Amino acid sequence: MSPDLLYQVALPLIPGVAGVMSRALLGYCGSAEAVFSASKERLTKVPGVGSLLSDKILSHRSAALHEAETILKRVEKENVRILFYTSPDYPQRLKNVPDAPLLLYYKGNADLNAAKVISIVGTRKSTEYGRAVTEQLVQALVKHEVLVVSGLAYGIDIAAHRVALKAGLPTVGVMGTGIDLIYPSVHKAEAQKMLSKGGLLTEFPFGTAPDAPRFPARNRIIAGLADCTIVVESTSKGGSLISADIAHGYDREVMAVPGPITSPTSQGCNHLIKTLKAVPYTQPKDLEELLNWDNALASPKISSEPQEDYAGFSEEERKVLRSLKEAGPLHIDVLSRHTQLSMNQLSTVLLTLEFSSHVKSLPGKQFALV
């Protein structure tokens, strides 16, 4: 266990310390432990941390550490993994979004950094049409060995989990509660099966109740984990539209299943398509073409040919060029994982290489050598 783990678990337990602010504190202080030993004078020098927040940090540090000790004992007892923002096991797709959680609680065996990840969401009041489309969609993902992500809710969410389990695909449920509280409780059986073929994931500590404001926060994780978020059914004000909007804001692919204009559960999907926030999903080929899966987004093939040294390029540029040479066209998220470059770093490098005519962009956020 990392010596810094106690402080990593404690940091997000301090009120007001989350998301961008927590990363600002880490960047300035150097580690979670250093935040807990910092003086008020040092804390107030962190951009965005004023006198009020620094006082709150100072006054809550002791209680947060005490709570973290209790959490770590339970984590060990219940075989829960702690994924801190700086951990190599932290989901890289999620790490690349601006409001990524500082810490995740994870129980299961699925690879959260799988080559292909799709989120499937929809209304809690699903119709037979929606459930049939969900089954068709998930079955089509089997040959691509996709990790299926959803929110464990009634309707489309649980339908996606059930079909994935039946089809042998790993599936992860993102929770708006503590990992010890399955909500709704009627889905406990599915959640238990997912622990051996997938997993459960949350940013909330043990005992966190299913309060309404936590579910929009949960939705950003669903959107951030995936290459594409697919909305199967949604009313005009459905919660799954939040996931779609977030994914769109993250510049991730969004798809929506069109439906009858007379059906309330298709109004949200039809609106997403009408406003160009989503690409229509009508058959598996739509998704395959959007993500360019025919060109294999999996790990790069090991070449037996000697690699070019790309003299004259920066180290970051060489990483990108070598990955594209070995694997061929790659989705930007996959390229980010192969090169271990953040999305901001990678975007800058790709732009430079495009200007110098060494790399070209392709449809579906793909990149290839010229």
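Select helix H2 (residues 19–29) and display what covers its buried residues: the cover includes helix H3 (32–37), helix H4 (40–43), H5 and E1. Helices (H or I, at least four residues) and strands (E, at least two) are DSSP runs, numbered from the N terminus. Contact means heavy atoms within 4.5 Å. The buried residues of H2 are Gly 19, Met 21, Ser 22, Arg 23, Leu 25, Leu 26 and Cys 29. Buried means under 20% relative accessible area, exposed over 50% and partly exposed in between, with a 1.4 Å probe and protein chains only. Next, select Gly 30, which follows H2 and has a positive phi near 100°.

This is a predicted model, in which local features need pLDDT of at least 70 and side-chain atom pairs count only at pLDDT 80 or more, while totals for chains, interfaces and linings use all residues. Residues are numbered from 1 along each chain as its sequence is written, and side-chain values use heavy atoms, with hydrogens and water left out.

**The nonpolar cores**

Select Val 9, Leu 11 and Leu 25, the residues with the most contacts inside the largest nonpolar core, which has 77 residues. A nonpolar core is a set of buried Ala, Val, Leu, Ile, Met, Phe, Trp, Tyr and Cys residues joined through side-chain atoms within 4.5 Å. Helix H5 (residues 51–77) supplies the largest share of this core, eight residues. A second, separate core of 23 residues includes Leu 137, Ile 156, Tyr 281 and Leu 291.

Return to Leu 11 and show its surroundings. Neighbours within four places in sequence aside, Leu 11 is in contact with Val 17, Leu 26, Ala 32, Val 35, Phe 36 and Leu 102.

**Helix H11**

Select helix H11 (residues 240–249), where Ser 240, Leu 241, Ser 243, Ala 244, Ile 246 and Ala 247 are buried. The cover over these residues includes strand E3 (117–121), helix H10 (214–225), strand E7 (228–231), strand E8 (253–256) and helix H12 (267–274). Asp 251 follows H11 and has a positive phi, near 65°.

**Backbone features in the loops**

Select Asn 79, in the loop between H5 and strand E1 (81–84). Its phi is near 60°, a positive value in a residue other than glycine. Asn 79 counts as exposed because its relative accessibility is 62%.

Move to Leu 152, in the loop between strand E4 (147–150) and helix H8 (156–167). Leu 152 is not a glycine, yet has a positive phi of about 65°. With 1% relative accessibility, Leu 152 counts as buried.

Then select Tyr 183 and Pro 184, which are joined by a cis peptide bond with omega of about -5°. Pro 184 lies in the loop between strand E5 (171–174) and helix H9 (188–194).

**The whole chain**

Finally, select the protein chain, which contains 16 helices and twelve strands. Its C-alpha trace spans about 60 × 55 × 35 Å along the principal axes. The radius of gyration of the chain is 21 Å, which agrees with the value near 21 Å for a compact globule of 370 residues. The radius is taken over C-alpha atoms, and the globule rule is 2.2 Å times the number of residues to the power 0.38. Buried residues make up 53% of the 370 residues. Of the contacts with a separation of 6 or more, 69% come from residues 24 or more positions apart.
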